[in-house]
Structure formats: C-alpha cells, structure tokens
Amino acid sequence: LVGIDAGFRQLIEYPYGCTEQLSSKLLPLLPLRTLAKDFDTELPAHVDTVVAKTVAEILSRQGHDGGFVMWPESPASSPWVSAYAVWTLHEAARRGVPVPAPAMTRAKQYLRRQLEVGKDEISRAAAPLLLDVLAELGAPDPGYMSQLFDERRDLPVFSRALLLHAMAVSKQPSGPVAELTRELE
C-alpha cells in the first residue's frame, strides 16, 4: 500500500466529468474510510465533500425517464450508463451516503423498461448488466434472466458473466447457475 496517499489524491482530484467517469471516480472513494482506518492511513479531509458532490452531480444527470445521460447536454438516457450510475449510487447508499429513494425508484423503473424495449444486439449485450444491477437492488427479473440464459450463446462472454452474477445474487435455480458457471470456466 506504499503510495496509497497519492492514489487518494488522484481520485479526489480526478478532472473528468461524464457520468461514467463520475461513477468510476465515486466507486473507489466509497470504501476509503474503511481502508484508511484498517491501514492506519490518514484520509484526506474533504473526501466526504467530494463524495457528496459527486453523488449530487450524478443525480443531476437523471432524466425525466429515470435514466441517466452521459453528459449534461446529452439528448437521451443511456441504458449502460444508467445501470452503472444506479449501481454506483446503490453502493453509496449502502455505505451511508444519502441517495434519495425516489431517484432510485425511478431509476429501477427505467432499467426495467429498457429490458422490455431494447431488442437490438447492443441492448441484448447490455441487458445482463441491467439485470445484475436490478438483482443487486433486490428487484430481480427471473423471467428475463431465464430468457437470456436460453439465448446465452448469442451473448458476448462479459454479458454471460454478468448474467451469471445476476442469477447468483438473486438465488436462481442452481442447475442453470452451475451450467453457466461450467461454460464460462
């Protein structure tokens, strides 16, 4: 962990700002308090302020449809960016950072709608991420998981891995979980 203090500073001072980058900045900041305590490292004084500002900036990117845009001026929500932002916000809330429940409810609804409307190849590849985030939020969609399991050979490997995680998190039947695990191994 030599040099971890410099890593803290780089995260806090990260200058880029699309929603994916903000989420990627926030995610490792969340466990810093525990890490600093466990390794007797001093936490930069304004980490909590940076975390709160980053959460607020991500939330400011939530559209009327409940999804999240890549940039403030983007015309439409992105399913992939939305899923990543929602998962990151969920992780923040799990660690005690205030995240408004109505924003999360709207985001969950958006993700569910995207599963229904996205039938092109890119949407199909992204669907397991949406399913995985919904499972992490305690709102799994077993029917869609089962459908994607049946169509898994048409999915890229990363999508099958996300589908497996969604199935495991939501405690789907062990037979398909074991089969998909074997295939990925």
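**Salt bridges and a polar contact**

At 54% relative accessibility, Arg 94 counts as exposed, where exposed means over 50% relative accessible area, buried under 20% and partly exposed in between, computed with a 1.4 Å probe on protein chains only. The model is a predicted one, in which local features need pLDDT of at least 70 and side-chain atom pairs count only at pLDDT 80 or more, while totals for chains, interfaces and linings use all residues. Residues are numbered from 1 along each chain as its sequence is written, and side-chain values use heavy atoms, with hydrogens and water left out.

The side chain of Arg 94 meets that of Glu 91 in a salt bridge, with an N to O distance of 2.8 Å; a salt bridge is a side-chain nitrogen of Lys or Arg within 4 Å of a carboxyl oxygen of Asp or Glu. Both residues belong to helix α5 (residues 79-94), and because they are three residues apart there, about one helical turn separates them. Helices here are DSSP runs of H or I with at least four residues, numbered from the N terminus. In contrast to the exposed Arg 94, Glu 91 is buried, with a relative accessible area of 9%.

The structure holds eight salt bridges, and Arg 152 takes part in two that can be read together. With Glu 179, the closest N and O atoms are 2.7 Å apart. Glu 179 lies in helix α10 (residues 174-184) and Arg 152 in the loop between α8 (142-150) and α9, so this pair ties together parts that are 27 residues apart in sequence. Arg 152 is buried, at 7% relative accessible area, whereas Glu 179 is partly exposed, at 29%.

Arg 152 also forms a salt bridge with Glu 183, again with the closest N and O atoms 2.7 Å apart. Since Glu 183 is in helix α10 and Arg 152 in the loop between α8 and α9, the pair ties together parts that are 31 residues apart in sequence. Glu 183 counts as partly exposed, at 28% relative accessibility. Through shared partners, salt bridges join Arg 152, Arg 153, Glu 179 and Glu 183 into one network.

What does His 165 touch, not counting residues up to four places away in sequence? His 165, which lies in helix α9 (residues 157-169) and is partly exposed at 35% relative accessible area, touches Asp 132 and Glu 136, contact meaning heavy atoms within 4.5 Å. The side chains of His 165 and Asp 132 make a polar contact at 2.6 Å, that is, a pair of N or O atoms within 3.5 Å, of which, within protein, one must be able to donate a hydrogen and the other to accept it, with residues adjacent in sequence counting only if both atoms are side-chain atoms.

Definitions and conventions:
Helices (H or I, at least four residues) and strands (E, at least two) are DSSP runs, numbered from the N terminus.
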